[in-house]
Amino acid sequence: MKKIGTQSIETKRLLLRPFLESDAQAMYDNWASRPDNLLHVTWDAHESPEVTKQSIARWVENYQNMDFYKWAICLKENPEQVLGDISVVDRDDTVNDCEVGYILSKDYWGQGLMTEALKAVLNYLLQDAGFNRVTARFVTANPASGRVMAKAGMSYEGTFRQAVLHKGQVKDFSVYGILKSDLEKG
């Protein structure tokens, strides 16, 4: 594994780039303040733009760490406007594995943007950063997230029943994964 950090990635429609402190208001407006956009993530809506600013300030500081991977998702035609994020949320260096998590503003759901972003990040992590395996998980109450993972080339690996406390309830979650060798086959 090579520690190369968060570098910008371009896809057909998207620019995935490091967050900037100036992204705080757009992040707050587009998803961080919207409970309806956060139903299936582990964190609660930000109470003020100040909370969002503090989160982004920590991320900006962490970009100096070359094993920190977190991208702002933007349309190429409007790179100052963040629509979501995608990041490595956990890693296990002993098996060269990481887990990714993502969120997209509800205003942009159903357009294939998250699948496009996830495919690009999977390629980056497996080919450029040298991870052998990448996983992602979702609470089964959010099957759309599983469809994103499948469309991005990940394989269903299993469902863990009543295995996670999520927003005050015990819920099932499912896991998808992809290996570097899966990319080579595809």
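**Aromatic pairs and a helix crossing**

Okay, let's start with the rings: Tyr-69, Trp-71, Tyr-124 and Phe-131 are linked into a cluster by ring pairs. A pair here means rings of Phe, Tyr or Trp (its six-membered ring) with centres within 6.5 Å; planes under 30 degrees apart are stacked, over 60 edge-to-face, and the rest tilted. Keep in mind this is a predicted model, where local features need pLDDT of at least 70, side-chain atom pairs count only at pLDDT 80 or more, and totals for chains, interfaces and linings use all residues. Residues are numbered from 1 along each chain as its sequence is written, and side-chain values use heavy atoms, leaving out hydrogens and water.

Searching the whole structure turns up 9 aromatic pairs. Take Trp-71 and Tyr-124: their ring centres sit 5.3 Å apart with the planes at 85°, so that's edge-to-face. Trp-71 is in strand S3 (residues 70–75) and Tyr-124 in helix H3, so this pair ties together parts 53 residues apart in sequence. Trp-71 is buried at 0% relative accessibility, and Tyr-124 is buried too, at 5%; buried means under 20% relative accessible area, with a 1.4 Å probe and protein chains only.

Next, Phe-138 and Tyr-176 make a tilted pair, 6.1 Å centre to centre and 40° between the planes. Both Phe-138 and Tyr-176 are buried.

Now, how do H3 and H4 pack? Helix H3 (residues 113–128) and helix H4 (residues 143–151) meet at about 45°, axes 9 Å apart. The contact (heavy atoms within 4.5 Å) uses Met-114, Thr-115, Leu-118 and Lys-119 of H3, plus Val-148, Met-149 and Lys-151 of H4.

Notes:
Axes are lines fitted to C-alpha atoms, for helices over the stretch in contact, and angles run from 0 to 180 degrees between N-to-C directions. Helices (H or I, at least four residues) and strands (E, at least two) are DSSP runs, numbered from the N terminus. Buried means under 20% relative accessible area, exposed over 50%, partly exposed in between (1.4 Å probe, protein chains only).
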